[in-house]
Every structure is written in C-alpha cells, then in structure tokens.
Amino acid sequence: MAWVFVDDPARGVLRTGGSFGLPPEHAALVAGFEPAYGEGVAGAVFVSRRAEFIRDVQRDPRWLQRRLLEAAELHACAACPLITQERALGVLIVLFGRRAGFTREERELVGLLASQAAIAIENARLYEEAERQRRETEVYRRLVEGSIQGLHVHRDWVTLFANTAWARMMGYESPREVIGLDARRWIAPHELARIESEAAARARGEPAPSRYECQVRKRDGTPMWTEIQLSSILWDGAPATQTSVLDVTERKRAEEALRQSEEQLRQAQKMEAVGRLAGGIAHDFNNLMTVITGRGELLLRRLPPDDPTRRDLEQIKKTADRASLLTMQLLAFSRKQVLQPKVLDLNGSVAGIAQLLQRLIGEDVDLVTLLDPNLGAVRADPAQLEQIVLNLAVNARDAMPRGGRLSLETSNVDLDAGFAAAHPGSTAGPHVLLQVSDTGVGMSPEVQAHIFEPFFTTKEVGKGTGLGLATVYGIVKQHEGYVAVESAPGHGATFRIYLKRVEEAAAPAEPGARAPRGSETILLVEDEDPVRELARDILTAAGYKVLAAAGPAEALDVTRRHGGPIHLLLTDVVIPEMSGPELVRRLAPTYREMRVLYMSGHATDTIVHRGVLDPGLGLLQKPFTPDALTRKVREVLTAP
C-alpha cells in the first residue's frame with residue numbers, strides 16, 4: 001500500500017494527496033488522517049527531510065495507525081520526503097508485508113519515485129496558477145468590453161478621446177490630461193513601426209491583424225504589455241482610429257515565470273540525474289582506488305630507498321592519487337562526499353589560501369583581497385572551502401592568459417524573500433558572501449548555461465577535466481548555500497558564493513598528530529575482498545588483533561567463535577544481508593563497550609544526513625591511506 005501526503009502550509013498538516021492498494025474494507029481506518037508537522041512517521045520525515053526505511057513499523061512508536069497495520073498485516077515501511085528546488089512538498093509512504101530489509105537499489109528506486117512525485121506536484125501547482133491567472137484575465141476582458149475597457153481615439157496620432165479606464169491605466173488622473181497629446185509618446189519605437197506597417201497593409205486591402213499584443217510606456221516611462229484592437233471609425237465626421245486596450249502585463253509575467261520555472265525544473269532534473277550517475281561511479285571507483293593506493297603505500301614502505309623498482313611504484317601511486325582526486329571531485333558534484341564541518345571565520349580561510357594563490361596564478365596576475373573585518377562566521381568544512389577558492393582561482397588564471405586582476409572579497413549580506421524568489425535554490429536570511437572576480441575573457445550566456453555540469457570545459461584537450469566548477473557547485477549546494485555567476489564576453493567573470501551566517505564563535509584550529517600503534521581487538525566487516533584484506537594487513541601491522549568477515553552473518557559467527565572482548569567494530573555502511581548500523585544493533589547488547597567506526601565510499605547511507613556526519617558517529621571516507629585508517633581507528637578507540 002502507498003500514500004502520498006502533500007503539505008498544507010496554511011493548516012500546518014500533511015493531507016492525503018492520493019493512495020494505492022488500499023482495500024475498501026480498510027479505508028475507514030485511515031479516513032481523514034492528516035498528521036501535523038513532526039507527527040507520526042510521515043510528519044517526522046517531512047520535518048527532517050531524510051528518508052527512513054523501517055523493517056517493522058509495528059514496533060515503531062511513532063506510527064499512529066496501528067489498526068491498519070494489524071488488519072492488513074503490514075510491517076516494512078519506506079518513507080521518503082518529496083523535495084524539489086530545496087523545498088519539501090510532502091512525503092511518500094510505502095508499506096509492505098514482512099521483509100528482511102531494503103537493498104541499496106530499492107532505496108534508490110523509492111528515492112526516484114519520490115523525486116518524480118515531487119516534480120509532478122510542483123508542475124501541477126504551476127499549471128494551476130497559470131490557469132487561474134488565465135481565467136482571471138478572461139473575466140477582466142469581458143468586464144472591460146462592457147464598461148471599463150480602455151478606449152483611445154486618435155487621428156494622425158493626435159489624441160481625440162480617452163476614457164477614464166484608459167487614462168488611469170496609462171498613469172493619468174483624468175482623460176482631459178491627454179487630449180491633444182501625440183499618442184506616439186506612449187508606444188515603443190519597434191511597436192510603432194509594426195502598427196504603421198500593418199495599418200498600411202490594411203489600407204491596401206491586404207490581410208493584416210487588427211488585434212495583437214503591444215508594449216507601451218506609461219506616463220512615468222514604465223513599460224506595460226497591452227492587448228489592443230484597432231478599428232477605423234468616424235470622429236466628428238472625419239476618419240480616425242479607435243484603440244481598445246487591455247492591460248495584460250501580469251499575464252505576461254505569469255507566462256514568463258512559468259517558462260522560467262519549467263526551464264529551471266528541467267535543469268534541476270538534468271543536474272540531479274548526472275549527479276546520481278557521478279555518485280554511483282565514484283562510489284565503485286573508490287573501492288578500487290582504496291586497494292591500489294593502499295597496497296602501493298605498503299609496498300613502498302617495504303622497499304629500500306635504492307631499490308630500482310621504487311621509481312615505477314612511486315609513479316603508480318602518484319597516478320592513483322590523481323585518480324582519487326577526480327573521484328572526490330565527482331563526489332563533491334553529486335553532493336555525496338562526507339563533510340567535517342565546524343564554525344569558522346571565512347576571512348581566515350581566504351587569507352590563508354591567498355598566500356599560496358600568487359604562486360599558482362603567476363606573477364602577471366594581481367591578487368587583491370578585500371575582507372570585511374566584521375564578517376560573521378559560517379559552519380563549513382575548511383578543506384572544502386579552500387577547494388572552492390582554488391578551483392575558481394585556476395579558472396580565473398586560465399581566463400587571463402595575458403595577465404589581469406583576481407579579486408577575493410567577503411562581506412555580510414541579508415538575502416530577502418525577493419532574492420530567494422528570483423534565484424531558485426537560494427534561501428532568505430543572513431548570509432556571508434564570498435566573491436571571486438577576474439578581468440578575463442568572460443563567458444557567453446550559452447557557456448554559462450553549462451559551466452556547472454561535470455566534464456563540460458571550453459579548454460583544449462588535455463588542459464582540463466571539466467570538474468572544477470562542477471566541484472564548486474556540489475560543495476556549495478552540500479553546504480546549503482547558493483552560487484551565482486555574472487559574466488559577459490570580454491568583461492571577465494564574477495562568482496558569488498552565499499553561505500548561511502551563524503551566530504556562534506569560530507572554532508580555533510586544531511593541530512594534527514600522527515596516530516600511535518594499538519593492541520586492541522577489531523572486528524572488520526567489508527564485503528569487497530581486496531578492501532577487507534588491505535585493511536586487515538594495515539591494522540595487523542599496526543599491532544591490532546583483527547577478526548575479518550565478508551558480511552554480517554560471517555561477522556556474527558566470528559564473534560561467537562572468538563569468545564573474547566571486541567574493542568572496535570570497523571564496518572562498511574552498505575553491505576549485503578543487513579546494513580552496518582543494523583549489525584551494530586545486533587552486537588551492542590553483547591559488547592556494550594565496543595566502539596564503532598564506519599567506512600563508506602559515498603554518503604547516502606542512513607547514518608549520514610545531507611552529507612554531514614551525525615554527532616557521535618565515526619566515519620572513514622574511501623579511498624583511505626594506511627595512515628588515515630590507523631589514525632581514525634586510534635581516534636575512535638581513545639575518544640571519551
């Protein structure tokens with residue numbers, strides 16, 4: 001059985017928008033059910049904007065319709081928020097009978113269904129609004145034809161008559177103010193040429209329209225779209241032209257808004273589809289890179305400095321590191337890499353990286369920094385912010401082959417509702433602005449329409465991967481920020497990064513430390529054989545006792561045969577049979593002191609919400625180096 005709950009913001013509840021598979025005998029059990037925000041499973045998923053997959057919802061105290069579950073023998077539940085353009089529209093609830101759990105493919109399928117449902121709901125709203133405005137315009141048209149339609153009469157463009165409706169429409173208090181004025185003052189030049197051309201055609205007996213849309217200017221110069229109808233009449237016994245005028249400016253605006261919304265929706269769908277593909281490729285590639293880079297580093301440690309094979313092995317490792325960097329860029333674009341956010345001073349990050357940029361961009365480019373001394377703090381991953389500045393600086397350098405100026409500016413800004421409405425994806429409220437400007441060759445509108453797509457580049461073959469700006473886009477979106485670009489050919493480019501401002505004080509920098517060895521017992525669960533064997537070898541070499549398992553069932557068997565304490569569970573998040581968190585819940589009653597460290601090649605797992613690690617959970621991002629693995633293991637084992 002399935003339900004779609006749709007947001008009713010006026011009442012603060014979720015109303016039923018449709019259902020499937022509900023037998024008539026059970027309909028009375030759910031009639032009139034409208035959960036409030038945060039109420040029940042549907043309300044909780046709507047507020048958190050995070051999908052939930054529950055193996056047995058009958059055991060979940062949040063479920064409010066117990067009689068339905070028991071009557072229909074329902075247990076498993078998939079609940080997914082309906083989100084489009086960063087706005088929650090409702091929740092998709094799908095109920096099943098008994099099942100062992102949900103595979104990654106099933107979760108992605110439910111997410112795809114929810115995405116399509118959200119698009120359908122948003123489209124319906126847009127078309128309903130357009131239809132409402134069309135009906136209103138039609139009613140207004142019938143009314144003005146009766147008595148309040150704007151009427152204007154002129155001979156050789158000299159105004160002979162105008163009714164009150166027309167005068168006020170054009171910004172005048174009384175029709176007397178316009179008598180004797182040249183009517184061409186109110187008509188745009190290109191519209192005037194069209195009107196005269198068609199009037200001449202009608203005079204010659206040729207077919208020409210007498211009713212069409214025309215842009216005019218009001219008394220104060222404000223443009224206005226009108227629907228006009230021209231007719232020849234006799235005025236005081238001599239020929240004249242009568243113009244019936246209807247103001248259709250609002251309708252034109254609604255049509256343009258609908259067109260822009262549809263275009264933005266198509267662009268969002270395209271970016272989301274490419275992001276899903278990029279994230280899937282990067283996840284699988286990360287497992288390969290983990291083995292290649294890890295084994296390469298272990299081999300280098302064993303070889304003496306003068307070994308002749310060392311140079312080849314170092315070259316292999318450098319190439320693998322470059323491949324890993326491409327993978328991280330793909331994850332950044334798809335918003336699936338794990339962030340380590342903290343409250344920080346953006347000025348400090350920009351000032352720190354500015355010291356390195358001059359060598360990167362060359363001596364022929366002037367670097368200018370204008371940093372607001374009263375800048376507010378932001379919650380962000382400092383390494384990812386540096387990546388944004390580096391990528392934009394490299395693009396700016398390539399756009400200024402003969403030198404120029406690169407400017408880095410910061411300031412506090414308050415985005416209002418008007419800005420948010422005009423820039424889908426942005427949100428109103430206090431923000432910090434990072435502006436990166438160059439005096440380079442600039443970009444055409446056609447190029448700007450594609451710059452954030454992965455692998456799109458205007459550079460020569462071999463000069464770029466096309467992932468720089470895609471990475472910037474992904475990082476900004478994952479930080480719930482907004483990125484805008486302003487450019488024109490020959491006039492440089494300006495990128496504006498808006499990040500939400502927080503009131504907390506920036507955290508001080510933390511010095512790094514090399515992880516010591518250990519002797520604890522670690523249960524390692526990883527279904528990829530090469531990755532499991534690599535992690536086991538690294539941890540064994542660091543002094544740990546490692547119990548390795550290829551899956552949850554084998555892990556449970558290993559623990560029964562082990563019989564002793566387990567100090568740390570190191571497990572992949574997504575593994576066959578059951579997820580990593582589910583395995584933790586199975587082992588927790590027996591090993592109450594056991595610490596947990598998750599591994600993941602992407603961040604779409606249930607323990608990660610919107611790419612930000614939940615407090616209290618350790619996660620190691622693939623691909624990892626031997627040092628990164630041992631350091632993270634030690635960190636989790638010694639944490640309070």
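The protein chain has 17 helices and 24 strands. The model is predicted, and every value below is computed from it. Of the 640 residues of the protein chain, 46% count as buried. The contacts also say something about how the chain is put together. Among those between residues at least 6 apart in sequence, 65% join residues at least 24 apart.

One goes to the backbone nitrogen of Q58, at 3.1 Å. The other is a polar contact with the side chain of H75, at 3.0 Å.

The next stop is in a helix. G352 belongs to helix α9, which covers residues 346-361. The relative accessibility of G352 is 35%, so this residue counts as partly exposed, since that class lies between the limits of 20% and 50%. G352 and E386 are 34 residues apart along the chain, and their C-alpha atoms are 9.0 Å apart in space.

S407 is part of strand β14, residues 404-415. With 8% relative accessibility, S407 is buried. What does S407 touch, leaving aside its neighbours within four places in sequence? The contacts are V368, Q435, V436 and S437.

Helix α14 (residues 529-541) and helix α17 (residues 626-638) have axes that come within 10 Å and cross at roughly 65°. Angles from 65 to 115 degrees count as roughly perpendicular, so α14 and α17 are described as roughly perpendicular to each other. Their crossing is right-handed. On the α14 side the contact is made by A535, I538 and L539, and on the α17 side by P626, L629, T630 and V633. Sorted by class, this contact of α14 with α17 has six nonpolar residues, one polar residue and no charged residues.

The second pair is helix α15 (residues 552-562) and helix α16 (residues 580-587). These two pack at an angle of about 25°, and their axes are 11 Å apart. Why are α15 and α16 called roughly parallel? Angles under 35 degrees are placed in that class, and α15 and α16 are therefore roughly parallel to each other. The crossing of α15 and α16 is right-handed. The residues that make the contact are P552, A555, L556 and T559 of α15, together with L583, R586 and L587 of α16. By class, the contact of α15 with α16 has five nonpolar residues, one polar residue and one charged residue.

Definitions and conventions: Residues numbered from 1 in each chain as written. Predicted model: local features only at pLDDT ≥ 70, side-chain atom pairs only at ≥ 80, totals over all residues. Heavy atoms only, no water. Axes fitted to C-alpha atoms, helices over the stretch in contact; angles between N-to-C directions. Helix = DSSP H or I, 4+ residues; strand = E, 2+ residues; numbered from the N terminus. Parallel < 35°, antiparallel > 145°, perpendicular 65-115°, else oblique. Left-handed = near helix turned anticlockwise from the far one by under 90°. Contact = heavy atoms within 4.5 Å. Nonpolar A, V, L, I, M, F, W, Y, C, P; charged D, E, K, R; others polar. Polar contact = N/O pair within 3.5 Å; in protein donor to acceptor, adjacent residues only side chain to side chain. Buried < 20%, exposed > 50% of the residue type's maximum accessible area, 1.4 Å probe, protein only.
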